[in-house]
Amino acid sequence: LLIEYYLPIARQNDEFELYFQPKLDLTTNSINGMEALLRWDHPILGNVPPSKFIPIAEETGHIIKIDEWVLKKACLQNKKWSEGMFQIPLRVAVNISPLHFRHPNFVNMLERVLKETNLEPEFLEIEITENTVIDNIEECIACVVKLREMGVIVSIDDFGTGYSALSYLKNLPINCLKIDQSFIKEIAKNIGDIAIVKAIICLAHEMGLKVVAEGVEEKETLECLNELGCDEIQGYYVSRPMPSSEFEKKIIRG
Ligand code: G
Ligand code: G
Ligand code: MN
Ligand code: NA
């Protein structure tokens, strides 16, 4: 109840902050992008985790304004970082809630944000979940097609955990699958997880998609994923999500 009360004014009160978690490209062994993750620090409630406030933001519809704020902030930050860099700019990934992705104005909003922030579309990645797709396949395909035409990268997040059949993949022109942490955590010890991850990587590569493994916390996990031919990893082993100042110090200026 308190969350419902304070959430609508959190943005105006400047209580939101974006954290960034790097993604490591296993072929080049270099950081090639990051995921933007929202953090809410309230003066009375303290740090409220997204798992608590995102569902409420979805129920109340506030998620649309919140996602838009995140998108704009992430694009601005990435544009700023790309200007000071000599190497290839990084790609920033933003999570979009199912409700927002299905909103008829979503693509227009995204186009406007790209224009306003001047970020090249190929340096923006949109993460949607399987459930987003399954709830409305036809509209979702149309939306992904538009994003791809604009040059924006599209990924399926938490892959393998949604209530979905695999059939949707065939008609959805996405770029990347992000394997859910639950399959990754124990991969070095669990033959079931190895089999699943192996199959996902094979499926993805056959379809021309990249594969990112999430939740990599240990060296053995990385080594195992390297052997299986996984393209990128994300997780505490590389780095926890960091505030922009810290990300800049460690990753951008490295
Ligand atoms: O960072 P982490 O544990 O705390 O994130 C938890 C969940 O919240 C993840 O599923 C993530 O996708 C979601 N999340 C984090 N930031 C955002 C955001 O900006 N928008 C949306 N829609 N979801 C987010
Ligand atoms: O959007 P998505 O559902 O993928 O959100 C990723 C979540 O996973 C974020 O909450 C992020 O903080 C968390 N996370 C990222 N790396 C690790 C990790 O190595 N271990 C664990 N337990 N969580 C992680
Ligand atoms: Mn994500
Ligand atoms: Na995920």
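**View 1. Helices H1 and H2 are roughly perpendicular to each other.** Their angle of about 75° falls in this class, because 65 to 115 degrees counts as roughly perpendicular, under 35 as roughly parallel, over 145 as roughly antiparallel and the rest as oblique. Helix H1 covers residues 2-10, and its axis runs 10 Å from that of H2. Axes here are lines fitted to C-alpha atoms, for helices over the stretch in contact, with angles taken from 0 to 180 degrees between N-to-C directions. Helices (H or I, at least four residues) and strands (E, at least two) are DSSP runs, numbered from the N terminus. On the H1 side you will find Ile3, Glu4 and Leu7, and on the H2 side Lys52, Phe53, Ile56, Ala57 and Thr60. Residues are in contact if their C-beta atoms, placed from the backbone, lie within 7 Å. The H1 with H2 contact holds 5 nonpolar, 1 polar and 2 charged residues. Ala, Val, Leu, Ile, Met, Phe, Trp, Tyr, Cys and Pro count as nonpolar, Asp, Glu, Lys and Arg as charged, and the others, Gly among them, as polar.

A word on all the views: this is a predicted model, in which local features need pLDDT of at least 70 and side-chain atom pairs count only at pLDDT 80 or more, while totals for chains, interfaces and linings use all residues. Residues are numbered from 1 along each chain as its sequence is written, and chains are lettered from A and ligands numbered from 1 in the order in which they are written.

**View 2. Helix H3 meets helix H5.** The two axes come within 9 Å and cross at roughly 30°, which makes H3 roughly parallel to H5. Look for Glu68, Leu71, Lys72, Cys75, Leu76 and Lys79 in H3, facing Met109, Leu110, Val113, Leu114 and Thr117 in H5. This contact of H3 with H5 has 7 nonpolar, 1 polar and 3 charged residues.

View 3. Phe106, Val107 and Glu111 of H5 touch Cys143, Lys146, Leu147 and Met150 of H7. The H5 with H7 contact counts 5 nonpolar, no polar and 2 charged residues.

**View 4. Ligand 1 has 13 residues around it.** Leu37, Leu38, Pro50, Asn95 and Ser97 come nearest (a residue is near a molecule if its C-beta atom, placed from the backbone, lies within 6 Å of it). Strand E2 (30-42), helix H2 (50-60) and helix H3 (63-83) each give two or more residues to this shell. The shell around ligand 1 has 9 nonpolar, 3 polar and 1 charged residues.

**View 5. Ligand 2 is surrounded by 14 residues.** The closest are Asn95, Gly215, Glu217, Gly235 and Tyr236. Its shell has 4 nonpolar, 6 polar and 4 charged residues.

How values were computed
Contact = placed C-beta atoms within 7 Å.
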